[in-house]
Amino acid sequence: MTLKDKTTITFYNGLTTIGGPMIEVAYGHDHVLFDLGEVYRPELALPDENYRTLIQNQLIGDVANFYDPKITGVVLDTERWQHAGAYLSHLHLDHSKALNLIAPEIPVYAGPLTAKMLPILNAAGDFLLPAAGRQSSYTRPITAVEPGETVRVGQISLEVWSSDHDAYGATGLIVTTPDREVAYTGDIRLHGYHPDWVKQFLTRAQHSDVLITEATGYSWPEEAASKDDQEFQGPKSETELTAEVVELQKANPNRQITFNTYPTNVERLLQIMANSPRTVVLHAKRAQLLKQLGKDAYYYYLPREEKISELNPKLAIPYSQLLQDKHEYLWQVVDDFASLQPGGLYLHSNAEPLGDFDPSYAPFVQQFKELEIEFRALRCSGHADQKELAEIIELVQPPTLIPVHTLHPELVENPFGKRILPKRKQTITL
């Protein structure tokens, strides 16, 4: 009697950390890997980001038969695995930074905006880990998959769905094998710009045997109980955040106001630009990013910066004019903070450094106090909080729930079936 193949899921990383999930679904001679990120732990102060260093510190998963042999020194087992593929849910580095480590012959799939923006973000060679034998600015090819489309990896199909996160173009995934279906949320929330997209995806996921969900919202139970959770402080939705940016400008009609956001949060920036009472002016490199996405913006150069040929010179605002302004502009500041006006207001909207967990955050905030500039952290989380996660789970009602991407997966409950808390490198047979 010939035994029938069964679906397996192997968990390589990102189980009790915020970020860095690397998960393999396999069936027979076919397997797929998602995501491709690196866990962010600046407190380790590592000497380098070489492959061995990252493996030893568990910042990436020790994944067999996916990494480039030129990096690992181990040849891919093409007899065991006849078809392979990988998938990126979104742009954030804890889900994408290891993209270039994947073997060149293995196709990588992502939503259209992720596929388009990653080469742009890595143009200076400082966004992704470098590929073997390539310049640091190289980004390996990514196959764009439109939401609603399906691609096949042998007997496994990958169905991409639009989702919502604070990364432009985030998607969710349905993985279907001949005997099982697995839904993977990537990073997800219901308080963003597109809760309708999320609910459509989750409705589709109701047919799945397993729901693998990020559960960042359960990472700080003590802070959540005391209402002191930094991740979920501030505006409760992206719409509220935009409204607060507008109100702060109206309440400070004669005050220099500057800001910064995370580069991949394009949608927030576009909303601020569309609703701001003042003219929004971006640093030239951020304006270049928007230009490559088909969006024009006013911009400025810092002293001695090279001009960017693709930017419209008619939209350039002199830096000296911004430094003197108190009422006309809301502008992005990325450096030279000491030149800002005392008494000004700076809005730090999920920009880098990201928060208290980063050793550079406290001195970054302190400098504004010393410069007599008001520092205002204006956050809106890219992740579902505990209440939203319960709603997400209820929408899917999964027979099996597997929470990842959280410091406390054991706190996540599944009223609709069993819950599995896998360990690193553990394989589960469905």
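Student: Where is E372 found?

Tutor: E372 is found in the loop between α11 and β17. Helices (H or I, at least four residues) and strands (E, at least two) are DSSP runs, numbered from the N terminus. Please note that this is a predicted model, in which local features need pLDDT of at least 70, side-chain atom pairs count only at pLDDT 80 or more, and totals for chains, interfaces and linings use all residues. Residues are numbered from 1 along each chain as its sequence is written, and side-chain values use heavy atoms, with hydrogens and water left out.

Student: What is the phi of E372?

Tutor: Most residues other than glycine have a negative phi. E372 is not a glycine, yet its phi is positive, at about 60°. Q58, also not a glycine, has a positive phi of about 55°; Q58 is placed in the loop between α1 and α2 (69–72).

Student: Why does E372 count as exposed?

Tutor: Buried means under 20% relative accessible area, exposed means over 50%, and partly exposed lies in between (1.4 Å probe, protein chains only). E372 counts as exposed because its relative accessibility is 58%. Q58 is partly exposed, since its relative accessible area is 45%.

Student: Which residues does a cis peptide bond join?

Tutor: Most peptide bonds are trans. Here a cis peptide bond joins F34 and D35, with omega about -15°. D35 belongs to the loop between β3 (30–34) and α1 (51–56). A cis peptide bond also joins E352 and P353, where omega is about -5°; P353 sits in the loop between β16 (345–349) and α11 (361–370).

Student: How many salt bridges does the count come to?

Tutor: A salt bridge is a side-chain nitrogen of Lys or Arg within 4 Å of a carboxyl oxygen of Asp or Glu. By this rule, the count is 14 salt bridges. Among them is the pair E43 and R41, with 2.8 Å from N to O. E43 is partly exposed at 41%, and R41 is partly exposed at 36%. Another pair is D296 and K291, whose closest N and O atoms are 2.9 Å apart.

Student: Which parts does the pair E244 and R376 tie together?

Tutor: E244 forms a salt bridge with R376, and their closest N and O atoms are 3.8 Å apart. E244 lies in helix α7 (residues 238–251) and R376 in strand β17 (residues 374–377), so the pair ties together parts that are 132 residues apart in sequence. There is also a network of salt bridges linking D164, R189, E238 and R268.

Student: Which residues of helix α8 are buried?

Tutor: In helix α8 (residues 266–275), the buried residues are V266, R268, L269 and I272. Seen down the axis of α8, these buried residues fall within an arc of 165°, so they line one face of the helix. The arc is that of the directions from the helix axis to the C-beta atoms.

Student: How far apart are the C-alpha atoms of L113 and G169?

Tutor: The C-alpha atoms of L113 and G169 are separated by 5.1 Å, while the two residues are 56 residues apart along the chain. L113 lies in helix α4 (residues 112–121) and is partly exposed, with a relative accessible area of 28%.
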